[in-house]
Amino acid sequence: MTTIPANSPDRTPEAIRRALWENESAPNGLLRNARAEELTAAAEATGDRDLLRQALFGLVKAYEFSSEAGKLLVPFARLMQEWDRDPSAFDRQDSHAFHWMFKWASSGMLGLPDVPLASMERWLAEMEYRYRVAGYSERAVRQSEFHLADDTGDTERADRAFAAWTAADRDAMANCHACEINAQGAYWADRGQDEEALRVWEPVLEGGASCMEEPHRVLAKSLLPLVRTGRVDQARAHHLRGYRMARGNESLLPTVARHIEFCALTGNEARGLELLSDHAAHLSSGGDPGSRLDLLGGTLVLLRRLLVLGHGDRPAIAHEGRRHTVRELHDTLDAEARAIAERFDERNGNTYESGRLRARLEREPLLESLPLGVRTDRTAWEPSAPAAPVPAPGAAAGGDALPELVAEARELRAQGHPRAAAAWERVEQLVARSGEAPDERLAADLLDARAVRAGHADEDGARELFERVASAHRSVGEPGRAVLAELRLVIAAVRSGAAPDEVRRLLASASASAEALDPDDPSRARRIATAALTRVKLSPLLTDHPAQDDGPESEGAGEPESEGAGEPEGHDRHVDAELAAFVEEFSAVSGGSTVEDLLAEAESMRAALAWRAGAVERAEALLASAARRCADAGRPWEAADPGMRLARLLMDTGRLGAAEDAARTALAHGSEIVAPEEQGALRLTLAEALYRQDGKEAEAADHALRAAHWFDAAGDSAGGGAYARLVLAQSLGETGRAAEAAEVLESALPELLEHGEERAVRARDTLARSLRALGDHRAAAEQYVLAAEVAKGWDDPGAHAHFASLAAECLSAAGLRAEAVAAYRRVVELWQEAGAQVSLARALRSLAWLEAEGGDRGTARELMARALDAVRGDAPELLLERARTWAQTAELLLDELYEDDDDDDNGDDHDDATGVTVAGEDADAKDEEGVRREVVALLERAEEAFAALGPDVLEERVRCVARLAWTLRDLGAGAEPAAPVRALIAEVSALDSEEARAFLPRLESLVGQVTRNHVAG
């Protein structure tokens, strides 16, 4: 063991004991282990046997909860020597710890292939003998036997030991209930009985049993069984919650490996690589071979999956001092894992460990994709090879399928169906596979599809492609499609930065071509209408007027400029008039049946103008009409966008139920939309509408999760995807799933901080709430401080004060009293500047309690007086705060009194030689009576105020009366402690409220308690 210099102050027994105590609370890991080794060497050098035992216990414990559990055998053997030398030197607690650590020793051997099987059997026999002598049940022994048999491939013995283990009585040596459940569920999972495993694990998964490492480990073990049994939502939740618990914990590296494996088998390879990166240092560190093999196994499942996806030459993570590609890292770790497995096989005398590793590595993905909600660079790890061509539904793979597929593509294109583009891609693939040149008409269609893709992607060559498309369609006798290409050419020219004069020329040419179409051409009316609408849409460019936003199209559209039915102004008025004329003119064309989607688009544009002008009702009517037109015309996918805008308008005007209905309808209309960003926007709209309504947060979380997934697929993780994750985190937080919420939001926070101050503050506030719920008050305080810093520059000073107050609360909850005092002092200044009386009083009271906690009672009372002064006035909310201040001031005085009593108990109030009371005691008694009378006066004023405020504050009034009664009882002579309680009972009995009457048993019990042993003066 490590030695330390002889002149080190740590060599004194007192210093060593103090250091041992400090090391007990140090983080698990190699540093704690090294310190424990050093202290054990120092303890041994003192010759103090008791101190040595204490150090050995600490060293065994440090090893057990690290990646070096196998090392505990040596110090435990030393403890055995100490026990055998003199068992009486071990007190009851040490005796229990000694026998408990036998289980650690036996399990620690399993991860060391160099320990012979015969040695492990001898240790097991020794454990059984000593437990029997000590009078313990065989339960822990049989569990150790089970693990020995199970880890060495002796299935029959494992089954027998499992039955004996679970049948034996639980006693003081039985493992904690949560750990036993972990192992028992794993028994069934390893035998392919997922349902039984999940049933056994349920008490841990549901929070009924826990310990230092549970539910961490069970959450990870449940992942694949949950996916295999179709419980994917639970699997997702367990991953987010469980990984947060296990992350960075050395003793839980096998658990981390299970999370990595889960990601690899559910289409979340990018997430798996992030988890691996978090623990990259452990791939190069030592640890016992068993735990290392578990870590390598989960890692290799991921790396093998990345190889299958074609990413072998991509950089993975640093290992052994240099960056490795996926293939290099895989080959290195694979060789190491197989070598470790072979060492276990040699010890076990079979190939069990190698077979188990091989089965793990050969697992196939369970799901193509399981959205997790967290932000990852998923698109960077998509399959690098192009996907195989997908034949048309119902079509054969041969060339004779082409005519049917072309007909289907043309029909979808004529409908304006969102799946038309995919159909043309299938046609292209089939033509390419056939090796034959398409006919002229099909060639024109394929060129058309290629140009449309280029136009959507804003490619530089789009304009030239549309010129070629127009020429190609004319050459095959399709002038209607040629005109459409000309119109698309206009838009491509605008996007490429063409001058207004050139755009006017191109639009005039396209419009003339549309008018020149044969009157019998079924596309003529539609082409003319498209040209007319294009002219209106481009009017800001063509008339030198600036374009404006489209109103409630997306999240955060904002409030209208004015309330009521306003009218568009300036250029907006001109555009609105043109759009109205367009609708009137073309509604009459052939009944409007061929241009309904164009009319709907015009109405959506008018709705945006109306919304901006404050004409909310008109905007609502126009959007509803637009959606209805598209749905009635058999083009429901076109109804999705105006329906979504309508939902957002309704949300922004506070009609959440109607907004939810509109969003659901829009989502249903958009079921055939293939564009991922559009699907994401539809899901996000419904998620927001649900989140803003109480009790619907769980469904909101589901839609927000799906929205984030769609935005990721669209390559918009930083924009729509980040905002969807904010809504997801808020929804998860509201349903009590704080760990999941924090994990999701932390992954998206960097992007959300770029979304503007309001959203950045909202994100930090949401994250802080989740961290508070998880008990991480220090981290929550940091988020609130950062939010307050941003809000400091806002017009409303209350926002800055609000977040500063929350930061102060968290600092106090974290036990950082000095920091909390400083924070509250600043908060008091901020609320004073904001003129917020109620908030100021609350901050002053909080600060008073902190000062009292620090022993400054005078300052605490002054702060309570300031709090009372801050809420003078007649408003009910001010009276409530005065009542609370009176009540808390009374509590403060009583706390001081009780603290003084405790000091007196430990002081020198009596002459130890004579037992005579010192002269100051009578004065102290009079002071105590005076304090209690002051407390009674404060509580009576508080009770009177609570009474004036009515049943809404009945619970606070009951607490106040209870404290008043107890104080009256302590006063003794002349006091009637039960009087205020009886008065309140009479009043509550007369109330027609079950909620109020629920307090009666408590009050009646209080009467008996305060009158018992009370003696009137």
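## The chain as a whole

Among contacts in the protein chain (heavy atoms within 4.5 Å) between residues at least 6 apart in sequence, 64% join residues at least 24 apart. Please keep in mind that this is a predicted model, in which local features need pLDDT of at least 70 and side-chain atom pairs count only at pLDDT 80 or more, while totals for chains, interfaces and linings use all residues. Residues are numbered from 1 along each chain as its sequence is written, and side-chain values use heavy atoms, with hydrogens and water left out.

**Overall build**

- The protein chain holds 48 helices and two strands; these are DSSP runs numbered from the N terminus, with helices being H or I of at least four residues and strands being E of at least two.
- Along the principal axes, the C-alpha atoms of the protein chain fill a box of roughly 125 × 85 × 55 Å.
- The protein chain has 1017 residues, and 50% of them count as buried. Here buried means under 20% relative accessible area, exposed means over 50%, and partly exposed lies in between, with a 1.4 Å probe and protein chains only.
- The protein chain carries 117 positive and 182 negative charges, whose mean positions are 3 Å apart. Lys and Arg count as positive and Asp and Glu as negative, while His and the chain ends are not counted; each charge is placed at NZ of Lys, CZ of Arg, CG of Asp or CD of Glu.

**Aromatic rings**

- A search of the whole structure turns up 20 aromatic pairs. Rings of Phe, Tyr and Trp (its six-membered ring) pair if their centres lie within 6.5 Å; planes under 30 degrees apart count as stacked, over 60 as edge-to-face and the rest as tilted.
- One of these pairs is Phe-76 with Phe-102: the ring centres are 4.9 Å apart and the planes stand at 80°, so the pair is edge-to-face.
- Phe-76 belongs to helix α4 (residues 73-85) and Phe-102 to helix α5 (residues 92-110), so the pair ties together parts that are 26 residues apart in sequence. Phe-76 and Phe-102 are both buried.
- Phe-102 also forms an edge-to-face pair with Tyr-131, at 6.4 Å centre to centre and 90° between the planes.
- That pair links distant parts of the chain, with Phe-102 in helix α5 and Tyr-131 in helix α6 (residues 117-134), 29 residues apart. Tyr-131 is buried, as is Phe-102.
- One aromatic cluster includes Phe-76, Phe-102 and Tyr-131, with Trp-83 and Trp-123 also among its members.

**Charges over rings**

- Arg-53 lies over the face of Phe-90, 5.3 Å from the ring centre. A charge sits over a ring if NZ of Lys or CZ of Arg is within 6 Å of the ring centre and within 35 degrees of the ring normal.
- Lys-103 has its charged end over the ring of Trp-100, 3.0 Å from the centre.

**Two buried residues in helices**

- His-703 lies in helix α34 (residues 697-713) and counts as buried at 7% relative accessibility.
- Not counting residues up to four places away in sequence, His-703 touches Leu-667, Arg-683, Leu-686, Ala-687 and Leu-690.
- Ala-178 is in helix α9 (residues 177-190) and, at 1% relative accessibility, counts as buried.
- Beyond its neighbours within four places in sequence, Ala-178 is in contact with residues including Val-204, Cys-211 and Glu-214. The C-alpha atoms of Ala-178 and Glu-214 are separated by 6.3 Å, although these residues are 36 residues apart along the chain.

**Loops and backbone angles**

- Most residues other than glycine have a negative phi, and most peptide bonds are trans.
- The peptide bond from Glu-214 to Pro-215 is cis, with omega near 15°. Pro-215 sits in the loop between α10 (194-205) and α11 (216-221).
- Glu-320, which is not a glycine, has a positive phi near 55°. Glu-320 is placed in the loop between β1 (315-319) and β2 (322-325) and is exposed, with a relative accessible area of 56%.
- Asp-458 has a positive phi of about 55° although it is not a glycine. Asp-458 lies in the loop between α22 (440-456) and α23 (462-475) and is partly exposed, with a relative accessible area of 49%.
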